[in-house]
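Grab a pencil and open the structure viewer.

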Amino acid sequence: MKRRTLPVAAAFAAAATLMLTACGGGDDQSGDSDKIAGAGQGTEKPTKSAEPSGAPAEDKPDGVDVSLPKDMNLVFDWEEPEDKNEAAAMDDAANFFRAIYRGVDKRSAKEAAVATYSTGAGLQYAQTQVNAWIDGGWTATGTLRHYNASTRSAENGTSVEVAFCADSGKFFGKEVKTGKVLTTEPSIDDFDYYKIIMIKLPTSESLWQASKVFVETKAAKCQ
């Protein structure tokens, strides 16, 4: 299993498009936001340089555990923006994906990290992703790379769009019961383009949460 499209996608895409407009634009038309996030990928932390997901300093940002197994490697190969808010939003967009895969590893969509780094439609998206892996009897293994990131702030300063490519060509599903890795041949299916709308938690100085998720699958621009 590389990835699977789930039947609930349209509502997420429509909501994401509205949020992108509020942030100052966004004319992408694809919205397969219920596809299993990176189904066929791995995990490392978002920083100036890619670091392994097990790096101790990366384990508990905001006091929440986002550590992952050594064979689940999420790489965030991007530069941190100069704007303080955009940099914080980008970091927590990465934590949002770590949280999803921690939920996959722990077999629970109610992981503390999932609730910490997502809200509203973003939380729905994360829980849908985690539950799809659980229902399929899979965990994940390999390396999932995120790159070509950009950020854009809304005029009110309370939301930031974080956009980036993801390459899941070396990230695969693994059957929990048997340990069998479900490898696939490289294809356009390995490339996705994400736009995540991050909003600042009013009661926190630095925590940003994913509120909307927009996904363009089979993204040729990410090859």
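## Exercise 1: The sulfur link

With -75° about the S-S bond, the link between Cys 165 and Cys 222 is left-handed. Keep in mind that you're looking at a predicted model.

**Task.** Work out which parts of the chain the disulfide of Cys 165 and Cys 222 ties together.

**Solution.** 
- Step 1: Check the bond. The S to S distance between Cys 165 and Cys 222 is 2.1 Å, and a pair counts as a disulfide within 2.5 Å.
- Step 2: Find the two ends. Cys 165 sits in strand β5, while Cys 222 is in the segment after β8, so the link ties together parts that are 57 residues apart in sequence.
- Step 3: Look for others. Searching the whole structure turns up one disulfide.

**Task.** Decide for Cys 165 and for Cys 222: buried or exposed?

**Solution.** 
- Step 1: Recall the cut-off: buried means under 20% relative accessible area.
- Step 2: Cys 165 has 3% relative accessibility, so it counts as buried.
- Step 3: Cys 222 also comes out at 3%, so it counts as buried too.

## Exercise 2: The nonpolar cores

**Task.** Find out which residues touch the most other members of the largest nonpolar core, and which element gives the most to that core.

**Solution.** 
- Step 1: Start with the residues. The largest nonpolar core has 43 residues, and Phe 96, Phe 97, Tyr 101, Tyr 194, Ile 196 and Met 198 touch the most other members.
- Step 2: See who contributes. Elements that each supply at least two residues include β3 (72-77), α4 (120-136), β4 (138-153) and β7 (191-200).
- Step 3: Pick the top contributor. That's α2, with 11 residues.
- Step 4: A second, separate core has seven residues, among them Cys 165, Tyr 193, Ala 219 and Cys 222.

## Exercise 3: Rings meeting rings

**Task.** Classify the ring pair of Phe 96 and Phe 97: stacked or edge-to-face?

**Solution.** 
- Step 1: Recall the cut-offs. Ring centres must lie within 6.5 Å, and planes over 60 degrees apart count as edge-to-face.
- Step 2: Apply them. The centres of the Phe 96 and Phe 97 rings are 5.4 Å apart and the planes meet at 80°, so this pair is edge-to-face.

**Task.** Follow Phe 97 to its partner Phe 164 and say which elements the pair links.

**Solution.** 
- Step 1: Phe 97 and Phe 164 make an edge-to-face pair, 5.7 Å centre to centre with 80° between the planes.
- Step 2: Phe 97 belongs to helix α2 and Phe 164 to strand β5, so this pair links distant parts of the chain, 67 residues apart.
- Step 3: Phe 97 and Phe 164 are both buried.
- Step 4: Zoom out. Ring pairs join Phe 76, Trp 78, Phe 96, Phe 97, Tyr 125, Phe 164 and Tyr 194 into a cluster.

## Exercise 4: Charges at work

**Task.** Track down the salt-bridge partner of Arg 145 and the ring under its charged end.

**Solution.** 
- Step 1: Arg 145 forms a salt bridge with Asp 77, with the closest N and O atoms 3.3 Å apart.
- Step 2: Arg 145 is in strand β4 and Asp 77 in strand β3, so they tie together parts 68 residues apart in sequence.
- Step 3: With 33% relative accessibility, Arg 145 counts as partly exposed; Asp 77, at 37%, is partly exposed as well.
- Step 4: The charged end of Arg 145 also sits over the ring of Tyr 147, 4.2 Å from the ring centre.

**Task.** How do Arg 152 and Glu 161 compare: buried or partly exposed?

**Solution.** 
- Step 1: Their side chains meet in a salt bridge, 2.5 Å from N to O.
- Step 2: Arg 152 has a relative accessible area of 26%, so it is partly exposed.
- Step 3: Glu 161 has 5%, so it is buried.
- Step 4: Elsewhere, salt bridges with shared partners join Asp 65, Arg 102 and Glu 111 into one network.

Key. Residues are numbered from 1 along each chain as its sequence is written. This is a predicted model: local features need pLDDT of at least 70, side-chain atom pairs count only at pLDDT 80 or more; totals for chains, interfaces and linings use all residues. Side-chain values use heavy atoms; hydrogens and water are left out. A nonpolar core is a set of buried Ala, Val, Leu, Ile, Met, Phe, Trp, Tyr and Cys residues joined through side-chain atoms within 4.5 Å. Buried means under 20% relative accessible area, exposed over 50%, partly exposed in between (1.4 Å probe, protein chains only). Helices (H or I, at least four residues) and strands (E, at least two) are DSSP runs, numbered from the N terminus. Rings of Phe, Tyr and Trp (its six-membered ring) pair if their centres lie within 6.5 Å; planes under 30 degrees apart count as stacked, over 60 as edge-to-face and the rest as tilted. A charge sits over a ring if NZ of Lys or CZ of Arg is within 6 Å of the ring centre and within 35 degrees of the ring normal. A salt bridge is a side-chain nitrogen of Lys or Arg within 4 Å of a carboxyl oxygen of Asp or Glu.
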